[in-house]
Amino acid sequence: MGKPDIDNYKLNKIFTAPVGDLSAEQQELFNEVKATRTTPRDARFPTQNQANHCWNRYNEWLVCLKSTKDDEGCKNMRNLALQICPSIWTDKWDEDRDEGTYAGIKVDK
């Protein structure tokens with residue numbers, strides 16, 4: 001017996017109706033949704049409340065930006081922060097950074 005197609009199984013739990021023919025743009029978005037994963041578990045934050053994990057991920061992204069000055073190279077770290085943090089928090093922190101009032105890591109733009 002062959003190996004089960006786990007990716008198809010997981011998608012079938014999300015998308016209950018069959019996906020019809022998609023345009024190139026729709027297929028690209030669909031593939032992006034399929035590839036989206038949450039941030040991996042971090043043993044430093046074992047509790048259900050992940051606020052500290054969120055804050056830490058956001059600041060780890062800023063440390064990467066500060067040390068490498070490479071937005072593209074730190075994109076994965078930014079995505080990890082966006083996956084675990086509520087968007088209202090990251091939007092606020094981004095605004096605070098623009099205004100120079102952010103309480104975390106300071107990065108020159």
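## Crossing of α3 and α5

A crossing of two helices is left-handed if the near helix is turned anticlockwise from the far one by less than a right angle, and right-handed if clockwise. In this predicted model, helix α3 passes helix α5 in a right-handed crossing. Helices are DSSP runs of H or I with at least four residues, numbered from the N terminus.

Two packed helices are described by the angle between their axes and the distance between the axes. Helix α3 covers residues 51-68 and helix α5 covers residues 87-99; they pack at an angle of about 40°, and their axes are 12 Å apart. The relation of α3 to α5 is therefore oblique. Axes are lines fitted to C-alpha atoms, for helices over the stretch in contact, and angles run from 0 to 180 degrees between N-to-C directions. Angles under 35 degrees count as roughly parallel, over 145 as roughly antiparallel, 65 to 115 as roughly perpendicular and the rest as oblique.

## Residues at the contact

Contact means heavy atoms within 4.5 Å. From α3, the residues Ala 51, Cys 54, Trp 55, Tyr 58, Trp 61, Leu 62 and Leu 65 meet Trp 89, Thr 90, Trp 93, Asp 94 and Arg 97 of α5. These residues divide into 9 nonpolar, 1 polar and 2 charged. Here Ala, Val, Leu, Ile, Met, Phe, Trp, Tyr, Cys and Pro count as nonpolar, Asp, Glu, Lys and Arg as charged, and the others, Gly among them, as polar.

## Two residues of α3

Asn 59 lies in helix α3 and is buried, with a relative accessible area of 9%. Buried means under 20% relative accessible area, exposed over 50%, and partly exposed in between (1.4 Å probe, protein chains only). Beyond its neighbours within four places in sequence, Asn 59 is in contact with Tyr 102, Gly 104 and Ile 105.

Trp 55, also in helix α3, is partly exposed, with a relative accessible area of 34%. Although Trp 55 and Trp 93 are 38 residues apart along the chain, their C-alpha atoms are separated by 9.9 Å. Leaving aside neighbours within four places in sequence, the contacts of Trp 55 are Trp 93, Tyr 102, Ala 103 and Gly 104.

## Basis of the values

Residues are numbered from 1 along each chain as its sequence is written, and side-chain values use heavy atoms, with hydrogens and water left out. Local features need pLDDT of at least 70 and side-chain atom pairs count only at pLDDT 80 or more, whereas totals for chains, interfaces and linings use all residues.
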